[in-house]
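Dear colleague,

Please find below the structure that I am handing over to you. My notes on what was found in it follow directly after.

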Amino acid sequence: MKKQCLVLVSSLLSTLTLAQSATPVFSPDQFRAHVAFLSDDLLEGRDTGSRGNEIAARYVASQFDSYGLKPGGTNGSWFQQVPLQKSTRGGDGGSITFIGPKGERKFVHADNVMLSTSVREARVDFEAPLVFVGYGIEDKRFGLDDYKGLDVKGAVVVMLRGYPKGLPSEEGAHMGATKGKTAQKHGAIGIITVATRQFERVFPWERVLEYSKDPDYDWLEADGKPHSESPLIRGGGYINKPAAEVAFAGAKRSLEDIRAEADKAKGAPRGFKLPSRVRIQGDNVAEKITSPNVIAILPGNDPVLAGEYVVLSAHLDHLGIKDVPNAAADADRIYNGALDNAAGIATLLEVARAAAAAPDKPRRSMIFLACTGEEKGLVGADYYANFPTVPIEQIVGNVDLDMPLLTYEFTDVVAFGADHSTVAKYVEQAVAPMNIKLSPDPMPEQGIFTRSDHYQFVRKGVPAVFLMTGLANGGEKAWEVFQTQFYHTPKDDMSLPINWKAGAKFAEANYRITRALADSTTPPMWYQGDYFGDVFAPKRPRAKR
Ligand SMILES: [Zn+2]
């Protein structure tokens with residue numbers, strides 16, 4: 001730890017002493033009761049927009065109410081209704097046809113291509129030239145300019161998935177998420193993505209196909225149109241190697257040559273115009289639904305700091321009822337989501353209960369946010385971040401809880417995003433008295449920082465971390481077992497060997513963390529020169545590293 005941090009640490013410790021003396025008791029039984037209710041079969045997997053999800057939302061609101069919290073939703077309610085469009089592939093499913101020097105080749109959705117068309121159009125049918133644009137990234141700070149010298153106006157751009165090897169994973173993941181905007185800025189009307197060899201190994205095509213029937217969910221703008229970061233991109237999709245080879249037929253450089261270059265460190269193949277054209281066809285069946293975020297506020301008691309908010313968030317939705325790949329006809333189809341994320345909500349509820357009951361009130365105000373639509377692409381949190389129920393500038397920090405693994409006695413935690421802001425310093429100090437360590441990100445290559453609800457706060461400039469139980473003390477094995485056998489399956493339910501004491505301990509850790517953030521005189525801050533701070537929060541204060 002560096003010197004500057006030690007200064008911060010000692011001032012934090014002094015503020016923590018107060019909170020510690022009054023740390024409430026956390027009960028394993030209470031924790032279990034929340035998880036048991038929320039992951040019951042009767043809630044049918046809490047799918048966004050489903051009756052089971054609505055019941056779960058009422059449960060959370062009812063708990064908030066019983067703790068004496070203030071409703072933090074719209075019109076004095078506990079809820080913020082998120083208007084959504086659910087879009088499903090219609091007609092024959094749609095297709096991508098490559099028209100090359102040697103003729104036409106049509107690929108229908110869910111064989112060698114995963115088609116996607118604009119959710120703003122009921123029917124898409126257009127033909128356009130194809131231009132390969134490398135990774136399709138433009139980022140001055142990293143010297144990436146994949147569109148340099150290429151004319152893509154009115155074209156469908158073909159790009160490699162991901163980002164050049166050797167780029168920091170979190171920044172890389174962010175660049176990956178902004179490719180649509182970049183393509184649109186250059187005048188492209190479609191995007192076709194091709195896997196790198198590396199990604200193909202991690203995520204084979206059979207896995208990709210498991211998602212071929214999943215609808216798209218997008219929140220609705222005031223004009224009733226589904227929100228899109230790149231509304232002028234009309235269609236495209238993700239294609240596998242056999243389809244990509246057709247797209248590259250007759251090109252000046254072969255697909256395999258390009259993918260070999262991408263496999264090397266910093267390999268960033270240059271773009272060029274492809275000889276083929278493409279026709280993209282597809283129908284979209286749109287359905288309008290709503291699903292609530294559930295929000296409670298605990299007002300702070302410091303005359304100055306009470307106008308600032310610390311947000312503790314967790315997603316309430318899960319995957320609902322759906323077919324299980326390769327399962328028997330009579331197999332369990334309810335995705336109960338006991339750990340993903342009834343356990344995160346149980347933690348949130350227990351922290352809310354304890355914070356409301358504490359004799360020493362927090363200095364800043366606290367917001368407890370149970371989000372919808374996380375499994376549909378973080379849409380509930382995105383809606384909240386775009387339409388916050390308190391001014392976003394007054395939200396000083398966010399801790400998100402998603403799928404804490406509680407099948408072992410955890411002794412460390414990981415805060416994804418720890419390198420970017422001081423939030424993790426508060427985490428580290430707050431849990432130290434419990435003999436819990438803050439460990440570094442064990443899987444930086446996964447870019448987890450950009451993959452849960454807190455990231456929607458980051459995009460609005462709020463320093464945030466995503467907190468997980470760590471790999472020490474049996475955690476590594478437990479995570480491996482969970483990820484390979486239980487994650488996003490109907491087996492993530494109450495039959496898992498959940499350690500309820502670990503649940504209570506995780507709740508206490510999060511109580512201490514939330515209190516540390518709420519009680520510290522200095523708010524959490526982005527580090528000077530941090531990429532995410534600079535991109536999203538140019539006006540917010542900075543901390544020295
Ligand atoms: Zn999940």
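What percentage of the 545 residues in the chain do buried residues make up? The share is 56%, where buried means under 20% relative accessible area, exposed means over 50%, and partly exposed lies in between (1.4 Å probe, protein chains only).

Please note that this is a predicted model, in which local features need pLDDT of at least 70, side-chain atom pairs count only at pLDDT 80 or more, and totals for chains, interfaces and linings use all residues. Residues are numbered from 1 along each chain as its sequence is written, and side-chain values use heavy atoms, with hydrogens and water left out.

**The chain as a whole**

The chain contains 16 helices and 22 strands, these being DSSP runs numbered from the N terminus (helices are H or I with at least four residues, strands are E with at least two). Its radius of gyration, taken over C-alpha atoms, is 24 Å, close to the 24 Å given by the globule rule for 545 residues, so the chain is as compact as a globular protein of that length. The globule rule is 2.2 Å times the number of residues to the power 0.38. Along the principal axes, the C-alpha trace spans about 75 × 55 × 45 Å. Of the contacts (heavy atoms within 4.5 Å) between residues at least 6 apart in sequence, 83% join residues at least 24 apart.

**A hairpin**

Strand S2 (residues 79-100) pairs with strand S3 (residues 103-108) in the antiparallel sense, over six bridges; pairing requires that DSSP finds at least two bridges between the strands. The hairpin that joins S2 to S3 runs through two residues. Ile99 has Glu104, in S3, as its bridge partner.

**Two individual residues**

Glu308 lies in the loop between strand S12 (272-298) and strand S13 (309-315). With a relative accessible area of 23%, Glu308 is partly exposed. Beyond its neighbours within four places in sequence, Glu308 is in contact with Arg364, Ser365, Gln394, Val396 and Pro523. Glu308 and Glu393 are 85 residues apart in sequence, while their C-alpha atoms are 8.5 Å apart in space.

His454 is found in helix H13 (residues 454-458). This histidine is buried, its relative accessible area being 0%. Not counting residues up to four places away in sequence, His454 touches Asn398, Asp400, Ile448, Phe449, Ala464, Val465 and Phe466.

Yours sincerely
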